[in-house]
Each structure stands twice: as structure tokens, then as C-alpha cells.
Amino acid sequence: MNKPMIGVLPLYDTDKKSYWMLPDYMKAIEDSGGIPVMLPLTTDEDMIITLANAFDGFLFTGGHDVNPELYDERMQSVCGELCMERDRMEVFLFKKVIAIGKPAFGICRGLQLFNVILGGTLYQDIPTDMDVERKIIHQQKPPYTNLVHSVHIEKDNLLHDILQTDQIQVNSYHHQGIKTLSDQLVAVAIAEDGLVESVIMPGNSFVLAVQWHPEYSYAVDGYSQQLFAAFVRACTSARFNSPVQDITA
């Protein structure tokens, strides 16, 4: 099998007690040449290690707010719904994926999660906590294929290498964002109001996260297509070209 197998972190419906998935995540990976597989939601560390070893890369999807306790803050009333099991799974999995050196692509919550795991903090609610004049609506209404604000992309980094441009238009559907950036991450895209829109983790071949939703705009936006294509290429390289030592503990 020549196509990389990519683990996609599951979404969870608390009311229905069910796992689910947006087809856009899966379709974007399929169209880019990968095989997406939705992972189980589990906190079993042995199972998570098995998953980390088994797949060629991992897509950390959007969804629930990250628990403020993970960045040493008390939960405010403006914070959204949490999923403790998902937090525990993704924190453990991300650390194992980094230890192995496999690609990790974060979208929306994924960006926030990477930052928190690596020591950063979040705005629990941008309209409430971010002390700037509100020129950008970060929680747009449908359709999410619409591109509603611009982001500036810094030069000489993985994101710029992929997109080959200094500025793009993006969609936006989130109420949290990076407040204090982890010292292990580099901000590579910034919104007009100063909010961090993309990060990379230097020293890793592909650890990239974006605050916008390229899965929604994938069908109509070339830059979104380039992001998924680059991620799948990195997973292919990890599958066939990179010497990888499995983790067992």
C-alpha cells in the first residue's frame, strides 16, 4: 500500500454519547492521496501508544474547548463545552507523536491544544478577553466556505514554503485563541487584530497548526488544498523514507 494511513482525532457528541466526524476532514485527506481513519476516543495509554506507532501522521481536529486547567486557569462562564476524555487522549497522543517524529497537523482546537500542551495559554473567549478593538469577526456564520478575513504569513518557515505567499484570506469559526505563545512554537501567521493564526514547532519535519478551517474551504480554495497536500506528503515521507523507532512506554 503506497498511500499513508492518517489518524484523524474523533469528534464527540456529549448529548448523544457518540463519536462522529465531519466528512470534509476525511475528503480533504483522501483527495490529497492519503487514507483517513477516525481514531477511537480512549484514554488507555497502551492503546494510544499502539495508535501512535501504527499511523503515518495525525490530524488534530476542531471541536470542544481545551480545559483551562491544562494552562493553570479557572474555567470562566464564557468558556465553552469541555471533553475531559478527549483532552487526556490528545495530550498523551501528541507527546508520543512528537517523540516518534511523525507529522501532526492541527486545525482550530488543534492549534490551541498544541500551544497548551507545550506551555502556552489561551483566551477563553476572544470577544471577552482580547483587549483590542473588534475589527474581525472570528466566529462567522455559515457558509463556512466563505473567506472572511486576511492573515499575514511570515517568511522563511514551513507555512510560507507551502503556500508561497505573504497573505491569504481565511474562514474563521472559533471563540478561543492563543493568548501566550509557547516558547516551543513559532507564530507564522497573524490576523489583522494580532491574533496568532498559525504555528509551527521548529526542529520537527511537520508540526503545523492553523486557527482557521481549511477542511471547510478545501473544495473552493487553492491554499487550503495546498495545506492538506503538504500534510499528506509529509505523512508519505514518514511512511517510506524516515527511520522511525517505535515507542513502547
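A residue is counted as buried when its relative accessible area is under 20%. In this predicted model, tyrosine 144 has a relative accessibility of 19% and therefore falls in the buried class. Tyrosine 144 forms an aromatic pair with tyrosine 216, with 5.0 Å from centre to centre and 35° between the planes, a tilted arrangement. Tyrosine 144 belongs to the loop between helix 5 (126–129) and strand 8 (149–153), whereas tyrosine 216 is in helix 7, so the pair ties together parts 72 residues apart in sequence.

Eleven aromatic pairs were found in a search of the whole structure. In one of them, the ring centres of phenylalanine 105 and phenylalanine 228 are 5.6 Å apart and the planes stand at 80°, so the pair is edge-to-face. This pair links strand 6, which holds phenylalanine 105, to helix 8, which holds phenylalanine 228, across 123 residues. Phenylalanine 105 is buried at 0% relative accessibility, and phenylalanine 228 is buried with a relative accessible area of 0%. Ring pairs join Phe105, Phe206, Tyr218, Phe228 and Phe231 into a cluster.

Tyr25, Met26, Ala28 and Ile29 are buried in helix 1 (residues 23–31). These residues lie on the same side of helix 1, because they cover an arc of only 165° around the axis. Among the elements against which the buried residues of helix 1 pack are strand 6 (104–107) and helix 8 (222–240). Glycine 33, with a positive phi near 100°, follows helix 1.

No disulfides were found in the whole structure. The sulfur of cysteine 79 is 13 Å from the closest cysteine sulfur, that of cysteine 83, which is too far for a bond. Cysteine 235 is likewise in no disulfide, the nearest cysteine sulfur being that of cysteine 108, 20 Å away.

Notes
Residues numbered from 1 in each chain as written. Predicted model: local features only at pLDDT ≥ 70, side-chain atom pairs only at ≥ 80, totals over all residues. Heavy atoms only, no water. Disulfide = S-S within 2.5 Å. Buried < 20%, exposed > 50% of the residue type's maximum accessible area, 1.4 Å probe, protein only. Helix = DSSP H or I, 4+ residues; strand = E, 2+ residues; numbered from the N terminus. Arc of directions from axis to C-beta. Contact = heavy atoms within 4.5 Å. Phe/Tyr/Trp six-rings, centres within 6.5 Å; stacked < 30°, edge-to-face > 60°.
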